[in-house]
Amino acid sequence: MNRHVKLMIAAGIGLAVVAGGTAYAFVAQGGDAAAAQLRATGLVGEQADGYLGLVGSASAEVRAQVDAINIQRRAYYTDLASRRGATIEEVAAATACQIFAGRVGPNQFYRLPDGVWRRRNGSEPVPRPGHCG
Amino acid sequence: MTATSLTRKGGDASRWTMDRIGTALLAAAAPVLLGGCVQVTAPDRPIVIDLNINIRQEVVVRLQEDVRELIERNPGVF
């Protein structure tokens, strides 16, 4: 591996670390609306499994922010699951029901278990995932 | 005349031999008797697990309040 290649790899890693670091700060400071901001960009949508997903391709920074939020969500789901005798997947899916009902803004993206990204039609209600009862 | 295996073991040489034959037969027949056929080749399609099947609806209902609280307390994350 010549010096040039090594330099490129080091730069790539450095960039990823910086992106990850700023993403963590973005979420940890309670970016008071970190998830809402991401949904509003149109690059990120809510999934029926309780996590954020990328609608198309996105920059490393956006990906890092999405990852940071999903990690945070999983921590909350894990906590609630252990307290209430449910699996993490169930808590996550149950949360998705309410996220779909109340947090996906007009014209924002969501994805049901069929995996297809859809856009909320203005202020029409978002369809309720099957497991929500 | 030297003793052969048929006459070597104690007086009851035939029993000893039959025991050995019986054991050998059992060892050979065991896989067939136990009915286990081991498939060594991997399946040609990946195994797909659909996690959605494992969500109990009663859990979704039971957790409604807790989830509502969780979302309200952490607006930045949800």
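Trainee: Is Arg73(A) buried or exposed?
Mentor: In this predicted model, Arg73(A) lies in helix 3 of chain A, residues 60-84. The cut-off for a buried residue is under 20% relative accessible area. Arg73(A) has a relative accessibility of 0%, so the residue counts as buried.

Trainee: Which backbone oxygen does the side chain of Arg73(A) reach?
Mentor: The residues that Arg73(A) touches, not counting those up to four places away in sequence, include Tyr51(A), Leu52(A) and Gly50(A). Val77(B) and Phe78(B) of chain B are also among them. At 3.2 Å, the side chain reaches the backbone oxygen of Gly50(A).

Trainee: Arg73(A) also touches Arg39(A) and Glu46(A). How far apart are the closest N and O atoms of the salt bridge between Arg39(A) and Glu46(A)?
Mentor: Arg39(A) counts as buried, at 2% relative accessibility. Glu46(A) is buried too, with a relative accessible area of 0%. The closest N and O atoms of their salt bridge are apart by 2.5 Å.

Trainee: How much area do chain B and chain A bury between them?
Mentor: The size of an interface is often given as the accessible area lost when the parts come together. Here 21 residues of chain B are in contact with 31 residues of chain A. Carbon and sulfur atoms carry 60% of the buried area, and the area that the two chains bury between them is about 2,300 Å².

Trainee: Which residue of chain A meets Asp66(B) in a salt bridge?
Mentor: Between chain B and chain A the count is two salt bridges. In the one that involves the side chain of Asp66(B), the N to O distance is 3.0 Å, and the partner is Arg84(A).

Trainee: How many residue pairs are in polar contact between the chains, and which helix of chain B gives the most to the side that touches chain A?
Mentor: With both residues at pLDDT 80 or more, the count of pairs in polar contact is 12. Helix 3 (57-62) and helix 4 (64-73) of chain B each supply at least two residues of the side that touches chain A. With six residues, the one that gives the most is helix 4 of chain B.

Trainee: What separates Arg73(B) and Glu69(B), whose side chains meet in a salt bridge?
Mentor: The N to O distance in that salt bridge is 3.0 Å. Arg73(B) is exposed at 62% relative accessibility, while Glu69(B) is partly exposed at 35%. Both residues lie in helix 4 of chain B and are four residues apart, so what separates them is about one helical turn.

Trainee: Which residue of chain A is linked with Arg56(B), Glu58(B) and Arg62(B) in a network of salt bridges?
Mentor: Within chain B, Glu58(B) forms a salt bridge with Arg56(B), the closest N and O atoms being 4.0 Å apart. Glu58(B) is partly exposed, with 43% relative accessible area, and Arg56(B) is partly exposed at 37%. The network links these two with Arg62(B) and, from chain A, Glu90(A).

Trainee: What is the area of the nonpolar surface patch that includes Ile13(A)?
Mentor: Ile13(A) lies in helix 1 of chain A, residues 3-28. Its relative accessible area of 52% makes Ile13(A) exposed. Together with Met1(A), Val5(A), Ile9(A) and Val17(A), Ile13(A) makes a nonpolar surface patch of about 500 Å².

Conventions:
Residues numbered from 1 in each chain as written. Chains lettered and ligands numbered in written order. Predicted model: local features only at pLDDT ≥ 70, side-chain atom pairs only at ≥ 80, totals over all residues. Heavy atoms only, no water. Patch = residues over 30% accessible without salt bridge, like charges linked within 9 Å, V, L, I, M, F, W, Y side chains within 5 Å. Areas by Shrake-Rupley, 256 points an atom, 1.4 Å probe, with all protein chains shown as cover. Buried < 20%, exposed > 50% of the residue type's maximum accessible area, 1.4 Å probe, protein only. Contact = heavy atoms within 4.5 Å. Buried area = accessible area lost by both parts, 1.4 Å probe. Polar contact = N/O pair within 3.5 Å; in protein donor to acceptor, adjacent residues only side chain to side chain.
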